[in-house]
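Have the sequence and the 3D view open as you read.

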Amino acid sequence: VLDSIPVAHNATDNFGLYLPKNYDASQKWPVVFVCDMKGDGLNVLENYKASAEKQGYIFISINNLTDTLSISKNVLIANRVIVGATAIFSINPARIYVAGFEEGARFASILPVFIGNVDGVISCGSDIGSIEILDAKNPFHYIGIVGKGDFNYTNMLQTKNVLNKLKFPNQLLTFEGGHDWPPAKKLEEALEIFSLSSMVKGSNPKDKSFIEDSYHASWERINSLIYSLKMLEAEELITQTKSVYARLVGVDSLK
């Protein structure tokens with residue numbers, strides 16, 4: 001993880017970076033910009049760099065974001081870092097995502113409204129910053145991740161219902177825990193969903209082996225839950241799997 005990489009032609013903006021070991025500038029790469037309002041972005045990169053490595057994503061922390069600044073000023077900082085990073089690295093412009101936890105998640109969830117080339121959001125431990133500003137004509141992919149003991153769990157369930165009505169592609173991933181960043185496996189799951197979604201959209205070539213392996217892994221998790229008599233969790237995972245794979249493989253057996 002590299003720290004304080006400066007944004008060209010700007011004396012104050014900088015970012016943290018994790019590049020996958022097999023990064024090759026001749027290819028276009030997906031990227032996740034981490035929005036952290038507490039100056040902890042580098043620790044987030046350290047904690048999730050294995051997930052970025054496994055799923056083949058560039059991770060960048062947007063430094064200098066803070067809740068003491070106005071939303072507009074934070075949006076300007078984020079936009080300068082996104083523009084600056086895409087000028088330096090070989091990034092797929094159709095696969096730009098943002099992520100955050102708590103206040104960072106609320107900020108990340110409204111960035112696609114102000115920055116048009118953000119395709120998806122990973123919102124950890126918090127619902128959308130402002131439902132009112134969402135535009136059904138310009139949807140983005142929203143993945144919420146929340147602990148079952150988190151006080152925001154109910155709010156995020158309500159957010160999912162609203163997004164369904166607006167026809168925003170979305171999933172809500174849960175884990176056993178409270179108000180905290182999710183386990184690495186859950187973040188990997190979100191990245192995998194984004195990769196599969198990009199194959200549906202055509203912004204990422206379809207990888208038949210990747211699709212089959214990930215679908216098979218979901219099947220195994222569903223069967224494991226059924227055998228453990230965790231029927232509600234199994235039903236939730238079946239619903240999620242259908243939404244993710246419906247346009248990639250046959251899901252009649254899941255139905």
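How much space lies in the largest pocket? The answer is about 1200 Å³, and please keep in mind that this is a predicted model.

**The largest pocket**
- The lining of this pocket counts 46 residues, and those closest to its centre are Leu173, Glu189, Ile193, Leu237 and Gln240.
- At least two lining residues come from each of α1, α4 (153-166), β8 (170-175), α5, α6 and α7.
- With ten residues, α5 gives the most to this lining.
- Sorted by class, the lining residues of the largest pocket are 18 nonpolar, 17 charged and eleven polar.

**The second largest pocket**
- This pocket has a volume of about 400 Å³.
- Its lining is made by 20 residues, and Gln55, Gly56, Arg95, Ser195 and Asn204 lie nearest the centre.
- Two or more lining residues come from each of β3 (29-35), α1, β5 (91-101) and α5.
- The lining of the second largest pocket has eight polar, six nonpolar and six charged residues.

**A closer look at glycine 56**
- You will find glycine 56 in the loop between α1 (41-55) and β4 (58-62).
- Is glycine 56 buried or exposed? Glycine 56 counts as buried because its relative accessibility is 17%, and the cut-off for buried is under 20%.
- Between glycine 56 and serine 195 there are 139 residues in sequence, yet their C-alpha atoms are 9.5 Å apart in space.

**Cavities**
- Searching the whole structure turns up three cavities of 30 Å³ or more.
- The largest cavity holds about 80 Å³ of space.
- Two or more residues of its lining come from each of α5 (184-201), α6 (208-227) and α7 (231-245).
- The lining of the largest cavity divides into four nonpolar, three polar and three charged residues.

- Ile71, Val113, Phe114 and Ile133 make a nonpolar surface patch of about 340 Å².
- One of these, isoleucine 133, sits in the loop between β6 (120-124) and β7 (141-147).
- Isoleucine 133 is partly exposed, as its relative accessible area is 33%.

Key. Residues are numbered from 1 along each chain as its sequence is written. This is a predicted model: local features need pLDDT of at least 70, side-chain atom pairs count only at pLDDT 80 or more; totals for chains, interfaces and linings use all residues. Side-chain values use heavy atoms; hydrogens and water are left out. On a 1 Å grid over the protein atoms alone, a cavity is a set of points where a 1.4 Å probe fits but cannot get out, and a pocket is an open set with protein on both sides within 12 Å along at least five of seven lines; lining residues have an atom within 4 Å of a point. Grid points are joined across faces, edges and corners, and a volume is the space filled by probe spheres set on the points. Helices (H or I, at least four residues) and strands (E, at least two) are DSSP runs, numbered from the N terminus. Ala, Val, Leu, Ile, Met, Phe, Trp, Tyr, Cys and Pro count as nonpolar, Asp, Glu, Lys and Arg as charged, and the others, Gly among them, as polar. Patches are made of residues with over 30% relative accessible area and no salt bridge: like charges are joined within 9 Å, nonpolar side chains (Val, Leu, Ile, Met, Phe, Trp, Tyr) within 5 Å. Accessible areas come from the Shrake-Rupley method with a 1.4 Å probe; for residues, only the protein chains shown count as cover. A salt bridge is a side-chain nitrogen of Lys or Arg within 4 Å of a carboxyl oxygen of Asp or Glu. Buried means under 20% relative accessible area, exposed over 50%, partly exposed in between (1.4 Å probe, protein chains only).
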